[in-house]
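Subject: Structure handover

Hello,

Here is the structure for you to look over. Please open it beside this message and check the residues as you read.

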Amino acid sequence: MGRRNSSHRASELLKEATDFIKRCYKELGKTAEETDARIFQIKESIDHVGYYVHTSEELRHGAKMAWRNSNRCIGRLFWERLNVIDARSIDQPDEIFVSLFDHIRLATNGGKIRPTITLFKPKSDHFQLKIWNHQLLRYAGYETDKGIIGDPHSIAFTKACMALGWEGQGTAFDILPLVIQVGSHEPRWLEIPQDIILEVPIEHPTVSLFDSLEVKWYAVPIISDMRLEIGGINYTAAPFNGWYMGTEIGARNLADETRYNLLPMIGKQLGLPIHSNRSLWKDKALVELNLAVLDSFDKMGVSIVDHHTAASQFKVFEKNEEQAGREVTGRWSWLVPPLASATTHVFHRRYSDDLVMPNYFYQDKPY
């Protein structure tokens with residue numbers, strides 16, 4: 001039974017590798033002879049050791065293809081600009097932390113955000129790296145007698161960090177530590193150096209929105225808990241980032257009732273009748289909050305895109321893909337911005353949510 005399962009896995013891996021190589025090499029302009037030779041080489045490797053190793057070129061283009069295929073992302077126009085860092089030679093915890101810090105520094109780029117992915121060794125029978133953080137930069141969430149302080153989304157992970165020995169300051173905007181786990185070894189955590197973290201104080205250009213509360217957000221959204229699959233090879237640690245669309249912060253992170261829930265405070269600060277839905281106070285407060293986010297990022301020279309521009313860029317992406325002979329897939333509920341949705345063309349279109357490989361996948365939380 002074991003031999004049969006092993007043979008089946010090898011057959012599946014070869015099929016997935018073949019599909020990837022054919023598509024990848026065609027896009028890279030390689031010949032049929034080069035493609036066939038590489039597939040033969042991969043088959044030999046799978047037959048002998050049960051897996052194969054991507055070349056640096058395959059890794060770079062595969063990661064870019066995965067961004068292009070990400071159904072939930074509206075920022076895919078820039079998929080070819082992805083900066084791919086090959087960290088497959090790194091497997092020691094101290095070196096892994098250094099590499100993650102380097103990613104934060106390089107991606108932040110002084111505010112001129114650089115789309116970046118760092119790829120560590122793929123999962124194998126002998127190695128697996130897990131990054132516990134949802135994003136490399138994220139604020140803690142604390143349950144207290146006075147209610148939740150910080151980000152409610154982070155409560156479970158904050159508890160896990162504290163169980164490992166981390167202690168936060170207990171503020172609404174404490175940056176969580178990085179937590180990594182290699183194989184079955186105990187997880188390790190490390191504080192992120194403050195000098196590589198860029199945060200943006202959020203202030204409205206003309207009015208006071210937050211009473212006495214200091215509100216801020218980090219500059220770079222670096223997703224770190226997803227698995228990247230390229231040609232049947234699974235990279236369980238592949239942190240990646242683009243730059244923010246303003247509504248991610250202003251209409252979700254700071255506005256959702258299950259997140260920072262700032263709209264009632266803003267409504268009161270603006271003198272709006274917050275007890276009447278007919279007054280559309282939430283809509284007014286939401287617009288002012290999003291104006292504050294965009295203006296604050298602009299003042300600090302930090303890359304960010306508004307939702308109208310992002311939708312226009314996605315329209316260009318759709319045209320480019322059509323010219324390349326590729327169907328644009330997408331998850332409509334994620335592509336439609338959470339503010340002024342009907343003013344964008346995305347609202348009036350429908351997309352196939354089919355899975356195209358390579359791609360990113362959610363993983364079970366290790367805590």
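Below are the findings, grouped by region.

First, the ground rules. This is a predicted model, where local features need pLDDT of at least 70, side-chain atom pairs count only at pLDDT 80 or more, and totals for chains, interfaces and linings use all residues. Residues are numbered from 1 along each chain as its sequence is written, and side-chain values use heavy atoms, with hydrogens and water left out.

**Cysteines and α5**

The structure holds zero disulfides (a disulfide being a pair of cysteine sulfur atoms within 2.5 Å). Cys24 is buried, at 0% relative accessible area. Cys161 is buried too, at 1%. Here buried means under 20% relative accessible area, exposed over 50%, and partly exposed in between, with a 1.4 Å probe and protein chains only.

Cys161 belongs to helix α5, residues 155-163, where Ile155, Phe157, Thr158 and Ala160 are also buried. Helices (H or I, at least four residues) and strands (E, at least two) are DSSP runs, numbered from the N terminus. The cover over the buried residues of α5 includes β4 (141-144), β5 (147-150) and β6 (178-182). Gly165 follows α5 and has a positive phi, near 115 degrees.

**The loop between α3 and β1**

Cys73 is in the loop between α3 (56-68) and β1 (83-87). UniProt lists Cys73 under "binding site", in an unreviewed entry. Its annotation "domain: Nitric oxide synthase (NOS)", also from an unreviewed entry, covers residues 72-79. UniProt positions are in the numbering used here, feature names are shortened, and annotations may be inferred rather than shown by experiment. That span is 0% helix and 0% strand, and its end C-alpha atoms lie 14 Å apart.

Leaving aside neighbours within four places in sequence, Cys73 is in contact (heavy atoms within 4.5 Å) with Trp67, Phe314 and Leu335. Ser70 lies in the loop between α3 and β1 as well. Ser70 is buried, with a relative accessible area of 12%.

Of its 30 lining residues, Leu13, Gly50, Tyr51, Lys123 and Ser124 are the closest to its centre. α1 (2-27), α2 (32-49) and β12 (233-235) each give two or more residues to the lining. The largest share, eight residues, comes from α1. On the method, a pocket is an open set of points on a 1 Å grid over the protein atoms alone, where a 1.4 Å probe fits, with protein on both sides within 12 Å along at least five of seven lines; lining residues have an atom within 4 Å of a point.

**Backbone points to check**

Most residues other than glycine have a negative phi, and most peptide bonds are trans. The Met357 to Pro358 bond is cis, with omega near -5 degrees. Asn261 is not a glycine, yet has a positive phi of about 50 degrees. Asn261 is partly exposed, at 33%. Leu280, also not a glycine, has a positive phi of about 55 degrees. Leu280 is partly exposed, at 48%.

Best wishes
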